[in-house]
Amino acid sequence: MKKRVILLSVLVLGLLAAGTFSARAQSGYAIGAQVPAFSLKTSTGQAVSLTDFASAKAVVVVFTNPYCPYTKLYESRLAALAKAGAALGIRYVFINPSPGEKPTAAQQVAATGSTDGLAGFPYLADEGQKITKAFGATKTPEAFVLQPSGGQFVMRYKGAIDDNPQVEGDVREGYLRQAVDAVVAGKLAAITEKRAPGCMIKTF
């Protein structure tokens, strides 16, 4: 009898944990949902609003942290995508979800402490994590593709940048690029959500 009670307790805890993870994974704006405009500031105090990009063909919002090793792996790829997209009317916005977080010594060594590779693109601080939580971002880097339409912004993709964070040369599926291409072409992406690998965002 005692063993049955213990087994039942384990099963219940497992279901509760799965439910909690599922709710966390599904939080934030759903695909096809309208994303309200927001405004955040750069490190120099300049305000940047989502409405600044109303005329863009697509807006890519990437949550990233310069002290995350995964961010360093993806920095050159994101910079290349952002620079190529700029010529096509695609705008990239980078948001640090934990601007006040102090890196460990190991993280400091792994990072340059700056976003030199992303220089020239909006890099915003989400001081209260209001935007991070609204989007449902849980990792860095994690990307969200918005489609501007009549002054509104519609969520079209969220998740991983591609299928190989470690080796850029071995990437087979460029989820972010494919989603952006679909939006620009006025189509729906074949893949609209893909779980992002990366550093967990610490919420506070």
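Analyst: Helices here are DSSP runs of H or I with at least four residues, strands are E runs of at least two, and both are numbered from the N terminus. T71 is found in helix α2, residues 69-86. This is a predicted model, where local features need pLDDT of at least 70, side-chain atom pairs count only at pLDDT 80 or more, and totals for chains, interfaces and linings use all residues. Residues are numbered from 1 along each chain as its sequence is written, and side-chain values use heavy atoms, with hydrogens and water left out.

User: Why is T71 called buried?

Analyst: Buried means under 20% relative accessible area, exposed over 50%, and partly exposed in between, with a 1.4 Å probe and protein chains only. T71 has 4% relative accessibility, so T71 counts as buried.

User: And what makes S49 buried?

Analyst: The relative accessible area of S49 is 17%, so S49 is buried. Its place is in strand β2, residues 47-49.

User: Which residues does S49 touch, leaving out those up to four places away in sequence?

Analyst: Happy to list them: S49 touches F38 and S39, where contact means heavy atoms within 4.5 Å. S49 and F38 are 11 residues apart in sequence, with their C-alpha atoms 5.7 Å apart in space.

User: Which residues does T71 touch, with the sequence neighbours up to four places away not counted?

Analyst: On that count, T71 touches T64, N65, P66, T140 and P141.
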